[in-house]
Amino acid sequence: MPRTTDGDGTPVPQRLLAAATRLFAERGYDRTSVQEIVEAAGVTKGALYHYFGSKDDLLHEVYARVLRVQQERLDAFADADEPVEKRLRDAAADVVVTTIENLDDASIFFRSMHHLSPDKNRQVRAERRRYHERFRALIEEGQRTGVFTKETPADLVVDYHFGSIHHLSTWYRPDGPLSKQEVADHLADLLLRALRP
């Protein structure tokens with residue numbers, strides 16, 4: 001991707017995403033215009049449409065970039081040569097940390113997902129389903145090998161954990177009593193306690 005010639009040399013797509021993320025967080029997706037995004041990014045509408053076909057594409061990318069990182073990290077944890085309990089705990093804590101590190105992106109997306117076109121919505125759901133299925137596979141592996149109880153269905157455990165994560169933006173504050181790692185450790189430990197035989 002071409003680099004800009006101004007100030008810090010940030011590539012245009014990253015400038016657009018940063019501006020969109022900030023404006024969507026401050027004003028909401030539906031109350032932010034394309035013109036406001038390009039003005040905040042210091043580019044033209046032509047530049048936006050060169051990299052993103054629409055405001056809808058920007059919204060999709062706000063979430064997709066976080067999910068790509070989380071998927072790569074989950075795959076690394078799942079493929080590690082470690083006991084399943086450690087792999088699951090590491091993955092469970094990591095998704096909390098990466099969500100908190102990208103809390104604006106995640107909260108924007110969950111507030112605004114309904115604005116996506118049907119095709120983009122299907123694409124996002126498929127990407128999230130792939131992530132959840134890989135996470136669930138770790139639980140099922142532990143259940144098959146007797147490390148985890150089979151009393152609670154794996155799907156319910158996944159929904160429980162990710163329900164907690166999806167609500168982080170409603171209560172987590174960086175200056176609050178718990179660090180992102182402490183929150184991650186507590187939620188990962190709750191998950192493992194629910195699975196112990």
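How far apart do the end C-alpha atoms of residues 33–52 lie, and what share of the span is helix? In this predicted model, those end atoms are 14 Å apart. The span is 75% helix and 0% strand. An unreviewed UniProt entry places the feature "DNA-binding region" at residues 33–52.

The protein chain is divided into domain 1 (12–51) and domain 2 (55–195). Their C-alpha centres lie 27 Å apart. Twelve residues of domain 1 are in contact with 13 residues of domain 2. Between them the two domains bury about 1200 Å². Carbon and sulfur atoms account for 71% of that area. On the domain 1 side, Leu17, Thr21 and Tyr29 lose the most area to domain 2. Together these three residues make up 54% of what that side buries. Across this interface, zero salt bridges are found.

The largest nonpolar core holds 57 residues. Within it, Leu16, Leu88, Val96 and Phe135 touch the most other members. Helix α5 (residues 84–101) gives the most to this core, with nine residues. Both domains take part: at least three residues come from each of domain 1 and domain 2. In soluble globular proteins, nonpolar side chains tend to be buried together. Leaving out residues up to four places away in sequence, Val96 touches His161, Ile165, Leu168, Val183, Ala184 and Leu187.

Salt bridges number 19 in the model. Side chains of opposite charge can pair when their charged atoms come close. Arg27 is partly exposed, at 33% relative accessibility. Glu36 is also partly exposed, with a relative accessible area of 27%.

A second pair joins Glu61 and Arg68, at 2.3 Å from N to O. Glu61 lies in helix α4 (residues 55–79). Glu61 counts as buried because its relative accessible area, 16%, falls under 20%. Arg68, at 42% relative accessibility, is partly exposed. Beyond residues up to four places away in sequence, Glu61 touches Leu17 and Phe52 as well as Arg68.

Arg134 is partly exposed, with a relative accessible area of 26%. Asp79 counts as exposed, at 56% relative accessibility. Both residues belong to a network of salt bridges that also links Asp75 and Arg130.

Definitions and conventions: Residues are numbered from 1 along each chain as its sequence is written. This is a predicted model: local features need pLDDT of at least 70, side-chain atom pairs count only at pLDDT 80 or more; totals for chains, interfaces and linings use all residues. Side-chain values use heavy atoms; hydrogens and water are left out. Helices (H or I, at least four residues) and strands (E, at least two) are DSSP runs, numbered from the N terminus. Buried means under 20% relative accessible area, exposed over 50%, partly exposed in between (1.4 Å probe, protein chains only). Contact means heavy atoms within 4.5 Å. A nonpolar core is a set of buried Ala, Val, Leu, Ile, Met, Phe, Trp, Tyr and Cys residues joined through side-chain atoms within 4.5 Å. Domain bounds come from an automatic or database domain assignment. UniProt positions are given in the numbering used here, feature names are shortened, and annotations may be inferred rather than shown by experiment. Buried area is the accessible area (1.4 Å probe) that two parts lose on being put together, summed over both. A salt bridge is a side-chain nitrogen of Lys or Arg within 4 Å of a carboxyl oxygen of Asp or Glu.
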